[in-house]
Amino acid sequence: MLQNPNRDSWGSKWGFILACIGSAVGMGNIWLFPARVSKYGGATFLIPYLIFVLLIGSTGVVGEMAFGRATRSGPMHAFGQATKMRFGTDRPGKLLGLIPVAGSLAMAIGYSVVTGWIFKYTAQSLSGALSALQGADAFSANFGAAASGNLFWQVTGMVITILIMAFGVGKGIEKANKVMTPLFFLLFVGLAVYLLLLPGSQAGYQYIFVLDPAGLADPWVWVYALGQAFFSLSIAGNGTLIYGSYLSKNSDVPADARMVAVFDTCAALLAALVIIPAMAVAGQQLDASGPGLMFIYLPNVIAAIPGSRVILSVFFLAVTFAALTSLVNLFEAPTATLQELFGLKRPAAVGIIGAVGIGVGLVIAPIVSQWMDVCSIYICPIGAFLAAVMFFWVCKKEYVLHEVNLARTKPLGRWFYPMAKYVFCGVTLLVLILGAVKGGIG
């Protein structure tokens, strides 16, 4: 396997952290987390969710970042180095490394379709066309039109993504995330403050933090909290690993992972602090999730709130930033893999992956929901499990501890290795099994 001798890198610590936060902040935070909080009772869901974020953030996120930095490559070469270290051959690792790369590409293609919908809704919000719609049926018809024929906006989203990536890691991805990620948080904070001032919103805020101790005895509250934390932190053996491969040896990986987990959790809470109070202001119960929540039910509710045009514009503009940063991250692993395999320059690799993304994306647009289900339920959890096994089981213990503690003034405690090797790997396997049996828990 050829490797790029001029491998790109991050220009700053915060550039890397913001890029990782941008990759983690996606639709799972916006259209799934608030619905889960609502369904399972506010703090009753938040407590197990925060426990799993702490576990995964301090083990899995650290592992993928450190694995990427140690091997200076994407999943294929990283897995290959692991099997060569243990078994003397890199062939099995390279073959297994194709799974998270394929998962990242497939998820990115599906995400590009959703990003096209978001671009169209942002344009409609800014023009006032969206706030002019009346009734759930009108919003449903509008979404149906976007889902069935959205060629222009889907290609627009892909072109912007390709341009960002073509400039490279430091000049493209890092600079874009330095703008879009803070703007996402700023816009959502503004929405949360505005909604707080509206009559009736207090009921929504109170509900978010209500605790029903009896609810904690429900095992499915914990199962869904685990799935939400797992997918929210972007654990899939591809995006976090590839971003970690551009880190310098001077980076404190556990500290960086902690920052990513904290800000990703803040993004999820911000989404809940916007969506649930908005429902409360309109006197509605949040009982839907997924695309229907974001493209039908929520806009229908916001349309009845004072200043709906501005609220819808700010909301979808923020969601656009979240979608683009996630899309860039998902396309990065297959792009880097092409560079490693064939020694391509970055613009050429980006162009090839972009062309595949546009072509396949347009074909699968009518079945994007089923496409995303297969990716999120099967392919991504398998990639995450393989990455965890490769780093914590196949690589030697001394190697793992050296890489995670590199550049730290104080090494991680003795708890880290057994927690990562047994608990985190076990949790990853549980997500994989439950997702397959239950039809998705993320």
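Alanine 407 sits in the loop between helix H18 (397-405) and helix H19 (416-438), where helices (H or I, at least four residues) and strands (E, at least two) are DSSP runs, numbered from the N terminus. Alanine 407 has a positive phi of about 75° although it is not a glycine. With a relative accessible area of 40%, alanine 407 is partly exposed; buried means under 20% relative accessible area, exposed over 50%, and partly exposed in between, using a 1.4 Å probe and protein chains only.

Before you read on, note that this is a predicted model, in which local features need pLDDT of at least 70, side-chain atom pairs count only at pLDDT 80 or more, and totals for chains, interfaces and linings use all residues. Residues are numbered from 1 along each chain as its sequence is written, and side-chain values use heavy atoms, with hydrogens and water left out.

**The whole chain**

- The protein chain has 19 helices and zero strands.
- Its radius of gyration is 21 Å, close to the 22 Å that the globule rule gives for 442 residues, so the chain is as compact as a globular protein of that length. The radius is taken over C-alpha atoms, and the globule rule is 2.2 Å times the number of residues to the power 0.38.
- Along the principal axes, the C-alpha atoms of the protein chain fill a box of roughly 65 × 50 × 40 Å.
- Of the 442 residues in the chain, 59% count as buried.
- Take the contacts (heavy atoms within 4.5 Å) between residues at least 6 apart in sequence: 83% of them join residues at least 24 apart.

**Surface and charge**

- The protein chain exposes about 16,700 Å², and carbon and sulfur atoms supply 68% of that area. Accessible areas come from the Shrake-Rupley method with a 1.4 Å probe; for residues, only the protein chains shown count as cover.
- There are 26 positive and 16 negative charges, and their mean positions are 8 Å apart. Lys and Arg count as positive and Asp and Glu as negative, while His and the chain ends are not counted. The place of a charge is taken as NZ of Lys, CZ of Arg, CG of Asp or CD of Glu.

**The nonpolar core**

- In the largest nonpolar core, which has 150 residues, Met27, Phe184 and Met294 touch the most other members. Such a core is a set of buried Ala, Val, Leu, Ile, Met, Phe, Trp, Tyr and Cys residues joined through side-chain atoms within 4.5 Å.
- Helix H15 (residues 308-342) gives the most to this core, with 17 residues.
- Leaving out residues up to four places away in sequence, methionine 294 touches Met27, Ile30, Trp31, Ile118, Pro299, Phe315, Phe316 and Val319.

**Acidic residues, buried and exposed**

- Aspartate 264 belongs to helix H13 (residues 253-281) and counts as buried, at 0% relative accessibility.
- Aspartate 264 and alanine 24 are 240 residues apart along the chain, yet their C-alpha atoms are separated by 6.3 Å. Beyond its neighbours within four places in sequence, aspartate 264 is in contact with Ala24, Val25, Asn29, Tyr49, Ser232 and Leu233.
- Glutamate 64, in helix H4 (residues 60-71), is also buried, with a relative accessible area of 4%. Its contacts beyond four places in sequence include Ser234, Ile235, Ala384 and Ala387.
- Aspartate 137 lies in helix H7 (residues 136-148) and is exposed, with a relative accessible area of 69%.

- Serine 234 lies in the loop between helix H11 (219-232) and helix H12 (239-244). Although it is not a glycine, serine 234 has a positive phi of about 60°, and it is buried, with a relative accessible area of 14%.
- Glutamine 124 has its place in helix H6 (residues 91-127) and counts as buried at 13% relative accessibility. Not counting residues up to four places away in sequence, glutamine 124 touches Ala129, Leu130 and Asn142.
- Leucine 273 lies in helix H13. Leucine 273 and valine 260 are 13 residues apart in sequence and 20 Å apart in space, C-alpha to C-alpha. Neighbours within four places aside, leucine 273 is in contact with Ala192, Tyr205, Ile208 and Phe209.
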